[in-house]
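These are my notebook entries on a structure that I had not examined before. I record what I looked up, in the order in which I looked.

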Amino acid sequence: MAGKPSVLHVIANLVERGTPHMRKPLVAALFALVIAGAGAAPAVAAPQPATAAVKTVLTTVATTAKAVTAGRTATVQAADFAGTVSLSNCSGSVIRLPNSADTDPALVLTNGHCLETGFPSPGQVIVDQPSSRTFGLLNSSGSKVATLRASKVAYSTMTDTDITIYQLTRTYAQIKSSYGISALALADTHPVAGTAIKVVSGYWKRIYSCNIDGFVYRLKEGDWTWKDSVRYTSACNTIGGTSGSPVIDNTTGKVVAVNNTGNESGETCTVNNPCEVDASGKVTVRQGINYAEETYQIPACFGIGNKLDLSASGCVLPKP
C-alpha cells in the first residue's frame, strides 16, 4: 500500500546508508525511540510529550539556570545550530578559517568516514576530488533554510585524523546575504583540557554539553589510528549520526574539534570500539566514552582563496 514509510522501513533505510561508525548506535537509538513511541526518524517523527529532544532542552535550561544561580561570571557564547549542516548520514558545519575572505568559496567540515565514496583507506589522502554532494544548512533553531552544494572534496583522510573538507559552490558572502547565516570560526590553537564544550549535531538537531576530559596519544579503531584525539567527559554521550559534528568551545564560540567516534561495547580497538594507546604502548578501553579529532592544524594548510596547500609552512596534515 502506498503512503508514508513505516518506522521500521525508515530504520532499515538509515541502517543501509549508515557507516560502520554509526550503524550500531543509530539502530539502538532508533529502536529506543520506537519503543518509547517518540518516532524513529526525522522523516516520520511526530510531536510527543517528553521526547529525547525535549528532555535535552529542559536539561540544558536547568543547567544554565544553576550556573546563573551559582554566580558564575565567565562569558559563555551560546551555541546553537546556525552554520551547522545535515548530511545524508552525518553532521557537519560551514567553517571559516582565520584568513578566509568573504568572497572565498565556503568550506564544510565533517569526518573522513562520512565521505560519500566510502572510507579512505589507512594512509590514503584524497584531494581535489569532484563532488556535488548536498548539505542542509540550518538556522539557529535547527530549521533547514537552504540546500548547499559542494563543488569538490578539497581534502579527506582517516589517517592521523578523521576529516573531510568540502568546497562549496557559494561564497561566505553569498550564504550570509541569502540566508543571514555566518560560518563557524575555526580555532587555530590547540584545545585545552577542562574546557566546556558543545557538540552540535545537524543530523539529529541535538546539542550535547560536556567538557574536554583530556587528550589521547593514539586512538586506534579497526585499521585506523588517530593522533592526539580529544576525549570527552561522559556527559557527551553522542550517538550514530553525530559523526562530523563541530565541537565548539563555549567561551570563544570557535570550533576546536570534529566529533568522530566512541567505544560502544567495551571491545578493544575494533570498529565502533576505539581504544586509547599511550606513548609507552599501554592500551586502555573506556566503554561509553566518546571522542573527537582536533582541527587546529587545518588553517595552516589553506592559503589565499581557501585553496589547499599541503606544502605550506606549518602544514602537518597527511599528504597524498
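Predicted model: local features only at pLDDT ≥ 70, side-chain atom pairs only at ≥ 80, totals over all residues.

My search of the whole structure gave one cavity of 30 Å³ or more. I then asked which residues line the largest cavity. I noted Gly 83, Val 94, Leu 137 and Tyr 172, together with Ile 175, Ile 181, Ser 182 and Ala 183. Sorted by class, this lining comprises six nonpolar residues and two polar ones, with no charged residues.

I counted four helices and 16 strands in the secondary structure of the chain. The chain has 320 residues, of which 47% count as buried. I also looked at contacts with a separation of 6 or more, and 65% of them are accounted for by residues 24 or more positions apart.

I turned to S9, which spans residues 196–201, and asked how many of its six residues are buried. Five are, and I recorded the strand as mostly covered. I next looked up the strands joined to S9. Strand S10, residues 206–221, runs antiparallel to S9 and is joined to it by six bridges. Within this pairing I found Ala 196 opposite Asn 211 of S10. S9 and S10 form a hairpin with four residues between the strands, and there Lys 205 takes a positive phi near 55°. Strand S12, residues 246–249, is also antiparallel to S9, with three bridges between the two. Here I noted that Lys 198 stands opposite Ile 248 of S12.

I located Asn 263 in the loop that lies between strand S13 (255–262) and strand S14 (275–277). Is Asn 263 buried or exposed? Its relative accessibility is 2%, and the cut-off for buried is under 20%, so Asn 263 counts as buried. Finally, I listed the residues in contact with Asn 263, leaving aside neighbours within four places in sequence. Pro 274 is in that list with Asn 272 and Asn 273. The list also includes Val 285, Arg 286, Gln 287, Gly 288 and Ile 289.

Terms used: Residues numbered from 1 in each chain as written. Heavy atoms only, no water. Buried < 20%, exposed > 50% of the residue type's maximum accessible area, 1.4 Å probe, protein only. Contact = heavy atoms within 4.5 Å. Pairing = 2+ DSSP bridges. 1 Å grid on protein atoms, 1.4 Å probe; cavity = no way out; pocket = protein on both sides within 12 Å on 5 of 7 lines; lining within 4 Å. Points joined across faces, edges and corners; volume = space filled by probe spheres on them. Nonpolar A, V, L, I, M, F, W, Y, C, P; charged D, E, K, R; others polar.
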